[in-house]
Structure formats: C-alpha cells, structure tokens
Amino acid sequence: MKLNLSYFLLFWIIFIIGFSFLFFSCLSAPASFERFGNTNYYLLRQLFLGFLPAIALGFTAYKISLKFLKKWAPVLVLINIALLFAVFLPKIGVTAGGATRWLNLGFFTIQPAEFLKITAILYLSAWIASKLSEESVSGWKSIAKKGSHNFLYIFAPFIVFLGLITIALLLQSDVSTMGIISLTLLALYFSAKTPVWHTLLVVLGGLGALLFMIRFEAYRLDRWLIFLHPDTDPLGKGFQLRQSLISLGSGGVFGKGLGMSVQKFGFLPQAMTDSIFAIIGEELGIIGAVLVIIAFILFFWLGIQIAKNSNDKFSKMVAVGVVFWITFQAFINMASSAGIFPLAGIPLPFFSYGGSHLVVELIGVGLLLNISKNT
C-alpha cells in the first residue's frame, strides 16, 4: 500500500505542476508583454526562481532523515522567526502594497512567512511527539489527571508559540498567512487528542482577536463589508470581487478555452496570484474548476492515508500538518474567488505566481513522500 500511495502522490504532483505551468504560460503572457516586452518574463521567473529551487528542496525533503528533522526542528523555527523580524531591517527588508513581508537577497526576494508554514509544523510535531513519548501508554489522559499541571504542561507552551507567531505576522500586516498557520497548528494540536476545551478556548480567543483586528483596521473591515454586500462600491473597494465573479460566471460549463480569458487583460486585479482560480473558471468553465477542487480533495485523502500508515508519532503529525495547511489554503483561496469567503490575499497552492510559496509547498510534498517511503 505504501508504494501505491507514493506513486499516486508523485503522479498527482507531476500532473498538477505540469498543468499549472501550461495554464500559467497562457495567463502570464499579456502582463509580461505589457510590462517587459517579453511574453515569457513571468513564466521564466516562475521556472528558474520558483520551480527549479522547489524541485531541489523538495527532493532534499524526500531524502533527508526524519530523525534529523525532528532533532533540529526547534533550531529551524527559531531561525525562521528571526527572519520574520529581519524584514524590518533597512536595505534588506522590502515593502510592497503597504506591507513589509519580504527579504531582498539580491537577484530575488523571499517571504519568510511562507517558510514558517513548514517550520512551525515540524516544530509542533516534534514537540507533540516528545510529549506523547513521555506518556506512551495513555497519551495526554494521564497528564490531564494532574490538574493544573495539564495547563502548564500542554496548553501554555502551545499558546506561547502561537502567540509569538501571531505577533510576528501581525507586525507584517499578514493576517491571512497568520490565519492559515494558526488553523493548521490548531488542527495539528487537536489531532493529537488533546483536551477538547483547549481547542474551544483557542477558537473563541481567535474569533475575538479577529473581530478586534477587523474593527480597527480599515482595509480588513472593507473586505468583510464587501463580502457581506458584494454590490457595494463595484468600481472601487468591491472591484476585485466583482471582476472575479464575472470571470467565473462568464466561463459557463465548459469555459472559453485555455488561453482565451478576457479578464487577464488587466480587468481582474491579481489575476496571476490571489484570483487565479477565477481565471481557471473563465477558461475551463465549471468542469475545470470542479476538477481543480477534486484534485485538492484527492491530495487531502492521499495525505491522510499516509499519516494513518506512518509508523511513528512525529511522521504522523508532520503529514497531518502538511495536508491541512495546503488544503486549508487552497479552499480559502478558491472560496475567496467565488465570493463565499472574504478576499484573503493568499496564493492558490501550486498554481499562483510566486517562488516562496511554491518552494515550501514542494518541500511539504517531499516530506509526505519521505514519510510514505519510511512507513
């Protein structure tokens, strides 16, 4: 069964990456030509600064010892958190669109928050696995019997870790990435069969914090108001959502055909990144959009099967974390384009333009294949 899972997942990623590059080559051509006089500019950048490093690091993740990763997970996440704060340093920090989230490394930039998605999963998985090994017979239950020690031993360290990540990402005004990472870590924590009241308390606290952030930040409030009332300010704040819905609706059942989108010619903002799913719907129709959704459901199923078959706690937790992260992100992105979730400003995994997220996603896939082969 492990070989079948590995081959299925490998076939899945080859097909998805191949299709995404074919689709992106058509999508990016107009913007590339308009801005640089070369129809392949964005495609070549995605290939050489995204795909090739992603393949190399994904293969490294496939070959690396899982025991080594477990041992060094705390160091990796500390380095990553340091890089989150390094974006505020002069000369190397990059600000764009009112947010400071990137590091300038000369020929290219990286977004440390993207790498936190994987390092945070590795660290929390290592931490949970070490705690479970201390209570190998009855897991968390024996700890829970210790009363107040339950809080100090399990819940408090998790909250401190989550809080540190939240502060770092809030300083970058990157609430969307913060939400993805928080949801992923919470799902990972809950899957370890921790007390249910821990999860409920974090959810309630998170909702309260979200309402506070929305209330006192104008652009976040605008996103929610536009989501609740899509026809508000259709030529201003609601323009992106309106154009996204037009793009999806104009595709019909079978779509206009690959490369035949009208919206990509400057009508739909962020067509290569946040709103790429709307272009998929326009060119490939409802059928194409549904097939993309099914592809992510299949990825979720394959990842969960790998997690179930894994033979150690650390591997199991890493697989669960990677699967929930990529699936959460994919469905939030697609739901945003369809107007059933507020615009989130996050890339569609494996499809959207950007090197950092593609590198991290293929590292995640490499880890899943690594876990599968070691089952």
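Helix 10 and helix 11 are roughly parallel to each other in this predicted model. Helix 10 covers residues 239–250, and helix 11 covers residues 276–309. Their axes cross at roughly 25°. The crossing of helix 10 and helix 11 is left-handed.

Now turn to another pair. Two packed helices are described by the angle between their axes and the distance between the axes. Helix 7 spans residues 175–191, and helix 12 spans residues 313–337. They pack at an angle of about 140°, and their axes lie 9 Å apart. That angle makes helix 7 oblique to helix 12. Here the crossing is right-handed.

Next comes the surface. Leu44, Phe48, Leu49, Leu52, Leu105, Phe107 and Phe108 make a nonpolar patch there. The patch amounts to about 710 Å². Take Leu105, one of its members. Leu105 sits in a loop. Strand 2 (99–104) lies on one side of that loop, and strand 3 (109–110) on the other. Leu105 has 46% relative accessibility, so it counts as partly exposed.

Another leucine, Leu76, has its place in helix 3. That helix runs over residues 66–86. Is Leu76 buried, partly exposed or exposed? Its relative accessibility is 34%, so Leu76 counts as partly exposed. The cut-offs explain this: buried means under 20%, exposed means over 50%, and partly exposed is in between. Finally, look from Leu76 to Thr199. These residues are 123 apart along the chain, and their C-alpha atoms are separated by 26 Å.

Notes: Residues numbered from 1 in each chain as written. Predicted model: local features only at pLDDT ≥ 70, side-chain atom pairs only at ≥ 80, totals over all residues. Heavy atoms only, no water. Patch = residues over 30% accessible without salt bridge, like charges linked within 9 Å, V, L, I, M, F, W, Y side chains within 5 Å. Areas by Shrake-Rupley, 256 points an atom, 1.4 Å probe, with all protein chains shown as cover. Salt bridge = Lys/Arg side-chain N within 4 Å of Asp/Glu carboxyl O. Helix = DSSP H or I, 4+ residues; strand = E, 2+ residues; numbered from the N terminus. Buried < 20%, exposed > 50% of the residue type's maximum accessible area, 1.4 Å probe, protein only. Axes fitted to C-alpha atoms, helices over the stretch in contact; angles between N-to-C directions. Parallel < 35°, antiparallel > 145°, perpendicular 65-115°, else oblique. Left-handed = near helix turned anticlockwise from the far one by under 90°.
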